[in-house]
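Subject: Structure handover

Hello,

Here is the structure to take over. My notes on it follow below.

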Amino acid sequence: MIIYGTALLAVCHMLGIVCGDFLGRALGMKTNVGGVGIAMLMLIAMRFWLHRHGRLCATSESGVNYWGGIYIPVVVAMAMQQNVVAALRGGPIALLAATGSVVVCGCFISFINRAETHPPEPLDEVHPAGGP
Amino acid sequence: MEIFEKAARENGLVAAFAVVGLVVMVSGFLSRQLTSGRVQGSAIAILIGLALAYVGGKISGGTKGLADIALFSGIGVMGGNMLRDFAIVATAFEVHPQEARRAGWIGLLALLLGTVLPFIVGVAVASLFGYTDAVSLTTIGAGAVTYIVGPVTGTALGASSDVVALSIATGVIKAIIVMVATPAAAKFLRLKTPRSAMVFGGLAGTVSGVSAGLAATDRKLVPYGALVATFHTGIGCLLVPSLFFLTVKAIVGK
């Protein structure tokens, strides 16, 4: 059943958000700390566990894969509602601070990634969400 | 026309699927015809999206781009936090646990650097433009981390509203630069492996910038970058109004 996959995704999402809120509360903040990341870790763990017990059929998986596939269109919709007007009105301070931090971080990303010693594995070898 | 408008308004999310589908289709066409596939379709789609957001913001005078126009209100649901996070979590289904584990520590290091470095740059620029008080300096520096850390910090420290607005603008511009520049800079950044995507997710910050930037570069890298980037705002909100503010205050003395 497709809904099993989507429900699994929804449960992981909700649990992750709740954990993130608790973590934020525990650290004395009003914001969510890593809720989505925690949800992702839960989903990875659930998939691993269900696979091992042979409880995940292809139809159920498609209930998750659809949402993974709709991801780019969602990002496009997200771009459509950015406050671009205000961003452009921010003036030279905002522009300089933003550009400066992107450039500095970019240099560090490049530096760290160049130091990667493992032979870069082509991602095509990674099997698709269908799993092992 | 009236009937058409009413239908779009009452079926917002469905209309949004159609609009976004159309934009993605046009982008794919432009990518093949104008750049013979060299610039990814999704990169062009995001650019068109940002351009439409500008037009929408100009027409409506609101803060949510195209979503503030009644006809396109469904865009607000489709691209809002709920569906965005739902789709991001779904991409975790493609993650390989071994790959993610191998990059664990470097991801954490990237996250810390991704908070400290933009903050320093933000504070430096703010002081260059004449800000001298610790509250304003910290708030603008926080905006350079992400556009959520900016207002959270500003509110916590009691910064003036124009400084808060400035910090939000800084964060939004940063996210937009990351969205647009990542595909072009992918070679320089060595964005090829899951590990490199996790380093990117930690250092480039903001879920929106990272997820869109990676989507336009290589769809397979998205979950790895997003996994780290989702902790970015949390760490920023934790460190900036506390440790970083006290450090800035100790340096400038007021």
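Which residue takes a positive phi just after H11(B)? B:Gly205 does, with a phi of about 65°.

On conventions: this is a predicted model, in which local features need pLDDT of at least 70, side-chain atom pairs count only at pLDDT 80 or more, and totals for chains, interfaces and linings use all residues. Residues are numbered from 1 along each chain as its sequence is written, while chains are lettered from A and ligands numbered from 1 in the order in which they are written.

Chain B overall. Chain B has 14 helices and zero strands (DSSP runs numbered from the N terminus, with H or I of at least four residues for helices and E of at least two for strands). Its radius of gyration, taken over C-alpha atoms, is 20 Å, close to the 18 Å that the globule rule gives for 254 residues, so chain B is as compact as a globular protein of that length (the rule is 2.2 Å times the number of residues to the power 0.38). Of those 254 residues, 59% count as buried (20 or more other C-beta atoms within 10 Å of the residue's own, with C-beta atoms placed from the backbone).

Helices H11 and H5. In helix H11 (residues 194–204) of chain B, eleven of the eleven residues are buried. The cover over them includes helix H6 (91–114) of chain A, and from chain B helices H6 (97–102), H7 (104–128), H10, H12 (207–215) and H13 (222–229). Helix H5 (residues 81–91) of chain B has eight of its eleven residues buried, so it is largely enclosed by the rest of the structure. Among the buried residues of H5(B) are B:Arg84, B:Asp85 and B:Val89.

The core. The largest nonpolar core has 122 residues, of which A:Val75, A:Val76, A:Ala79, B:Ile46 and B:Val89 touch the most other members (a core is a set of buried Ala, Val, Leu, Ile, Met, Phe, Trp, Tyr and Cys residues joined through C-beta atoms within 7 Å). H10(B) gives the most to this core, with 15 residues. Domain 1 (2–79) and domain 2 (97–252) of chain B both contribute residues, so the core lies between them; the bounds come from an automatic or database domain assignment.

The A–B contact. Chain B puts 90 residues into the contact and chain A 68 residues (two residues are in contact if their C-beta atoms, placed from the backbone, lie within 7 Å). Helix H10 (residues 161–189) gives the most to the chain B side, with 13 residues.

Regards

Terms used: Buried ≥ 20, exposed ≤ 12 C-beta atoms within 10 Å, placed from the backbone.
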